[in-house]
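Thanks for coming. I will go through one structure today, starting with the strands and ending with the aromatic rings. Please have a look at it first.

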Amino acid sequence: MATMESLIGLMNRIQQACTVLGDFGEKDGGLPTLWESLPTIAVVGGQSSGKSSVLESIVGRDFLPRGSGIVTRRPLVLQLHQTEKNKQDYAEFLHLPNRKFTDFAVVRKEIQDETDRITGRTKQISPAPIQLSIYSPNVVNLTLIDLPGLTKVAVEGQPDSIVQDIENMVRSYIEKPNCVILAISPANQDIATSDAIKISREVDPAGERTFGVLTKLDLMDKGTNALDVLEGRSLRLQRPWVGIVNRSQADINKNVDMIIARRKEKEYFESSPDYSHLASRMGSEYLAKLLSQHLESVIKAQIPSITSLINKTINELESEMDHLGRSVATDAGAQLYTILELCRLFDRIFKEHLDGGRPGGDKIYNVFDNQLPSALNKLPFDKHLAIQNVKKVISQADGYQPHLIAPEQGYRRLIESALSFFRGPAEKSVDAVHIVLKDLVRMSIGECQELKRFPALQAELAAASFQALERFREESKKTALRLVDMEATYLTVDFFRKLPQEAEIKPGGPNGGNTQGQPQPQTIDRYGEGHYRRIASNVSAYVNMVSETLKNTIPKAVVFCQVREAKRSLLNHFYILVGKKEGNQLGQMLDEDPTLMERRKDCLKRLELYKAARDEVDSVSWTR
């Protein structure tokens, strides 16, 4: 069965873990916060409300800094631990482990120094809490959070926003549904103007979480009392009001012992004609016991939801850690293995794009099926084989001695010059596939989740892939252009042998007209327009035949030299270079994005916190 001591002690240990691991209740970077789910008692009051005196009365020690203006400038998580009788009181700070303080004047100074360490010697405030544990036989097991006093005006040395900054900090604590509010108000001021009550009612309008504390009852005007408040007539809360009589300033100056002060407080209520009937429910000792019992009940009620939250958040954080990746090993062998594994993952994704497992590879087929045929169809053969150009080429090929039968040299020049046009589409096809392959490399790097952590490796991998693709492109271009050049180097003779031998017949023949209907010898005008038109037609037919051939062979060359090689050996040269690198060079390749490294560090700390909290909860024996 969980005891009060174990329940409150459990929350104390989880709060300490939160502070050590940087969880102050602010959702830094979207990280889950455990601090905000823990049941707490927040002490709220305006300046000079007697807030510090109430805390010192509960503890039975002078330990809080005093002075004018804002004295409490960081939340003070005050954890009280009841020890056996006759044990010496001592204090411990979470930021000074293994050091015990028995002089509470030194405790006061350390609170001030630790505050200044974060905020400087200005009057700025900070949400980072100070954790103080006090062990004494004169306390009950209880945890309180002392918050900066609410103020209405900024004093010299404070920014104009200080009033709102303090209110925002206080509100961030007390607006949580599992925060118990200890609202401290002075009895010698109108309760309607109480800063603590005002802000408490804004976040807890039903008064279900608010305990009202009325201080300075002994300083009220003679003939007046605070019974209307203490008995809930002026301002009703779901929780009881408790009256407190703090030490007077004279007692503080004389260092009157806190235990004696408690006794005087008890005597005051017992002997007071106004409050004697309430004496058993007044005073700092009663307040401490009341709060301790209530905190225990709140913790007990909240444990199931806290446990559920812890387990759920551990799963979420572990999932994010898997997504972010674990920390990289420091030895060269492990780093080399990591790099090669990442390269293999990238290479697998790249091949999936080419083979159709992922989109993008179809763009290569589009080059062959659309872009290449379109480019071939747009070649300027009509202009090249215009009658005037054919005549010009034939004449130039004949030189000073015109051809006698067939202008073979003219034919060859026309065909060779026409075939040279195919070089352009061949090169463009190679370049188009090269662009697609580069895009697939970029896509593959972007889709490889494991690579996202390592921008330096991404850059080197991309550079090495592009260099390899460039080599493949050069080889592919040479091969594609060779195909074109081969067509021009050796013409297909059978094509011309199979051409129909038609001659242009000139009417009448050499003897003029023949009216007898007898066949006349045929004569051919080898310099007429019809002859040149026939040559142009033959050359066009031959060029079309070559075009159909190249339409099939250029894609084969491109796939063989570029796509096939990219699948087989894209990173071969890169692997050789990586194998020659030193340990520090491998480490540089695995340098991560600083933002990602910081995120992993924060997630790891938060995961450590939640696991520590889970262990603490599991260590407590629960009543079923």
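Two strands are said to pair if DSSP finds at least two bridges between them. Helices (H or I, at least four residues) and strands (E, at least two) are DSSP runs, numbered from the N terminus. This is a predicted model, in which local features need pLDDT of at least 70 and side-chain atom pairs count only at pLDDT 80 or more, while totals for chains, interfaces and linings use all residues. Residues are numbered from 1 along each chain as its sequence is written, and side-chain values use heavy atoms, with hydrogens and water left out.

Strand β1 (residues 40-45) pairs with β6 in the parallel sense, over six bridges. Within that pairing, Val 44 stands opposite Ala 183 of β6. β6 is also joined by six bridges to strand β7 (residues 210-215), again running parallel, and there Ile 184 stands opposite Val 213.

How many of the residues of β6 are buried? Eight of the eight, over residues 179-186; buried means under 20% relative accessible area, exposed over 50%, and partly exposed in between (1.4 Å probe, protein chains only). In a regular strand the side chains alternate between the two faces of the sheet. For β6, one side carries Cys 179, Ile 181, Ala 183 and Ser 185, the other Val 180, Leu 182, Ile 184 and Pro 186, and all are buried.

Next is strand β2 (residues 76-82), with six of its seven residues buried. Seven bridges join β2 to strand β4 (residues 130-136), and these two run parallel. β2 also pairs with strand β5 (residues 142-146), in the antiparallel sense, over five bridges. Leu 78 has a partner in each: Leu 132 in β4 and Leu 144 in β5.

Now the whole chain. The protein chain has 21 helices and eight strands. Its radius of gyration is 46 Å, well over the 25 Å that the globule rule gives for 624 residues, so the chain is more spread out than a compact globule. That radius is taken over C-alpha atoms, and the rule is 2.2 Å times the number of residues to the power 0.38. The C-alpha trace spans about 165 × 50 × 50 Å along its principal axes. Of the 624 residues, 47% count as buried. Contact means heavy atoms within 4.5 Å; among contacts between residues at least 6 apart in sequence, 80% join residues at least 24 apart.

On to the cores. A nonpolar core is a set of buried Ala, Val, Leu, Ile, Met, Phe, Trp, Tyr and Cys residues joined through side-chain atoms within 4.5 Å. The largest has 101 residues, and those with the most contacts inside it are Phe 63, Leu 132, Ile 174 and Leu 217. Helix α9 (residues 284-324) gives the most to this core, with 14 residues. A second, separate core of 71 residues includes Phe 381, Leu 451, Ala 464 and Leu 570. As for Ile 174, leaving out residues up to four places away in sequence, its contacts include Val 44, Cys 179, Ile 181 and Arg 209.

Ser 444 is buried, with a relative accessible area of 0%. Beyond four places in sequence, Ser 444 touches Phe 346, Ile 349, Phe 350 and His 353. The C-alpha atoms of Ser 444 and Asp 347 are 7.9 Å apart, although the two are separated by 97 residues along the chain.

Last, the rings. Rings of Phe, Tyr and Trp (its six-membered ring) pair if their centres lie within 6.5 Å; planes under 30 degrees apart count as stacked, over 60 as edge-to-face and the rest as tilted. There are 12 aromatic pairs in the structure. Tyr 268 and Phe 269 have ring centres 5.4 Å apart and planes at 80 degrees, so this pair is edge-to-face. Tyr 268 and Tyr 275 have centres 6.5 Å apart and planes at 40 degrees, so that pair is tilted. Tyr 268 is partly exposed at 25% relative accessible area, whereas Phe 269 is buried at 1% and Tyr 275 is buried at 2%. Elsewhere, ring pairs link Tyr 411, Phe 495, Phe 496 and Tyr 542 into a cluster.
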